[in-house]
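Please look through the sequence and the structure shown here before reading on.

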Amino acid sequence: MKNLSLLILIALWAGFNSTTMKAQKTLHIVSKEVKKKLSCNAGSGISVDAEKSNIEIKGWDKNYVDLKMELISKHPKKEVAEQEVNYLKYDISEERGHHSIRNYFQNDDGFSTVKGSLSVKYFLKVPYSCPVDIIQSYGSLSVQDLDSDFQGNLKFVSGKIKNLSRNVTLDTKFGGVECIDIGGVFKAKLRKTNLTLSRLNGQVDIESRYGRIDIEDTNMDMLSLNGDKTKVSLFSNQPEKFNYHLSTTFADIKVPDSFGDVWEGKDSVHYKNINPANNALIRINTSYQPISIQVK
Amino acid sequence: MEKNFDNHLKEKIHTSDCSKIYTKKLKDEIWESVDGKNTNYNTNFFIRIAASILLIGGISIFLFRFYSEGEAIQITYSTEIGIDFQKEDLITGDEGTTFIKSRCKQELSICKTPEFRSLLHELEVTEQEIEELDTMINNYGYGPELVKSKIDLENFKSEITQKMILMILS
């Protein structure tokens, strides 16, 4: 009996010490905060090239960019956190009125790995008319209230883009992006990305490989979606206000009952409705994944 | 008598050397006084120039700092309760990829189909992404975002690998 109790105790101890049990620890945080003001107008612009970062961009009515950047190092030992915050480097440069901001990693010896966790946070307030260009890998992005063009080249980024009255161009890999209230042309090249579009008012042109695209409450002029292994769903309270040209292979197309029949071939399925001719055209082409048009 | 004496004295004064000395001295004083005024005028002028330079310099420094050099850096220390992610959290394997490559070396016809080639391309791109992500983890540590990305990539890779193996075995 005593041996059994001892065995149980040893098993419990081993269980608590296994790598699958994650113990909470006190982590020391060393944060280096950089603040700077940069001039910006419609003729110039701002570029951010960021990795392992969270970025927040908001438009405002001032004529300069207010930049706040936090370089953060975390580790159970304060001295390690203090040492490793110095591996987080940044550049702020200007060429012909265009500002570039970048963060990157650089350690002393060039090959050893970090012991703690490093990250960067950006907070940018930019003039409404200041064009913004982001290259970002690993992290999150929030952009809102701009009256200028926006471009994003994103990898493993969870993003929200809201209330942009001009053109939006995205190139994303392995991420999730939500776009709401976009006034201009929306153009996207997506790979393994889940995209949600709400209240779009311009032309929409999307190329997508793997992933899912949901379109809601839209007032688009035109949609051209060329997908490969991409699931596409359109939710609208008035789906009949559009014309449709839909096709997929090895999957289904679902439309409201009032829309009529879907044409089913051997491997492919099509739906076409181009009446009346002046309705905005929704052209969706994908493979291995379904297309659905639903009344909201 | 008294009037004659005064007239005589005036005449003597005007004709004597003493009068010349007095007149010269008076003129020098007047000129010195004028020069003195000129000197004061120059001093004020230079003070004004210096003040203008200082003012312009001050404004320039302010604008320069405001638009380009106004970089403020502050370091803060704090603590939080959290998880210290360790290296052993992630286990990866390449058995599937090795199997696919070894079978396709035998020149199977399925390996030459467009669908298989498309998946192979996807697999190669994903493996490249995994390599890049491993570098990021080495640089930035095992934070939850990178760990999640690594899991997503490994899952995607295994999904592609599984499809390719099924195609080979079918």
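The paragraphs below take up confidence, then strands in chain A, then a helix pair in chain B.

The model is predicted. Its scores are ipTM 0.76 and pTM 0.77. For chain B, the mean pLDDT is 77, and 64% of the residues in that chain reach 70 or more.

In chain A, begin with strand 7, which spans residues 132-146. Strand 7 of chain A runs parallel to strand 2 of chain A, residues 45-60, and twelve bridges join the two. One pair can be located by name: A:Glu51 has A:Ser137, in strand 7 of chain A, as its bridge partner. Strand 7 of chain A also pairs with strand 8 of chain A, residues 150-164. Here again the strands run parallel, and the number of bridges is 13. In this pairing, A:Gly139 stands opposite A:Val157, a residue of strand 8 of chain A.

Two residues of chain A deserve a look at their backbone angles. Most residues other than glycine have a negative phi. A:Lys52, which is not a glycine, has a positive phi of about 45°. A:Lys52 lies in strand 2 of chain A. Is A:Lys52 buried or exposed? A:Lys52 counts as buried because it has 26 C-beta neighbours inside 10 Å, and the cut-off for a buried residue is 20 or more.

A:Phe174 is also a residue other than glycine with a positive phi, in this case near 50°. A:Phe174 belongs to strand 9 of chain A, residues 168-182. Because 24 other C-beta atoms lie within 10 Å, A:Phe174 is buried as well.

Turn now to chain B and its helices. Two packed helices are described by the angle between their axes and the distance between the axes. Helix 3 of chain B covers residues 95-104 and helix 5 of chain B covers residues 144-169. These helices pack at an angle of about 35°, and their axes are 10 Å apart. Their crossing is left-handed.

Which residues make this contact? From helix 3 of chain B come B:Gly96, B:Thr97, B:Phe99, B:Ile100 and B:Arg103. They meet B:Ser158, B:Thr161, B:Met164, B:Ile165 and B:Ile168 of helix 5 of chain B. By residue class, the contact divides into five nonpolar, four polar and one charged.

Definitions and conventions
Residues are numbered from 1 along each chain as its sequence is written. Chains are lettered from A and ligands numbered from 1 in the order in which they are written. This is a predicted model: local features need pLDDT of at least 70, side-chain atom pairs count only at pLDDT 80 or more; totals for chains, interfaces and linings use all residues. Axes are lines fitted to C-alpha atoms, for helices over the stretch in contact, and angles run from 0 to 180 degrees between N-to-C directions. Helices (H or I, at least four residues) and strands (E, at least two) are DSSP runs, numbered from the N terminus. A crossing is left-handed if the near helix is turned anticlockwise from the far one by less than a right angle, and right-handed if clockwise. Two residues are in contact if their C-beta atoms, placed from the backbone, lie within 7 Å. Ala, Val, Leu, Ile, Met, Phe, Trp, Tyr, Cys and Pro count as nonpolar, Asp, Glu, Lys and Arg as charged, and the others, Gly among them, as polar. Two strands pair if DSSP finds at least two bridges between them. pLDDT is the predictor's confidence in each residue, from 0 to 100. A residue is buried if 20 or more other C-beta atoms lie within 10 Å of its own, exposed if 12 or fewer, and partly exposed in between; C-beta atoms are placed from the backbone.
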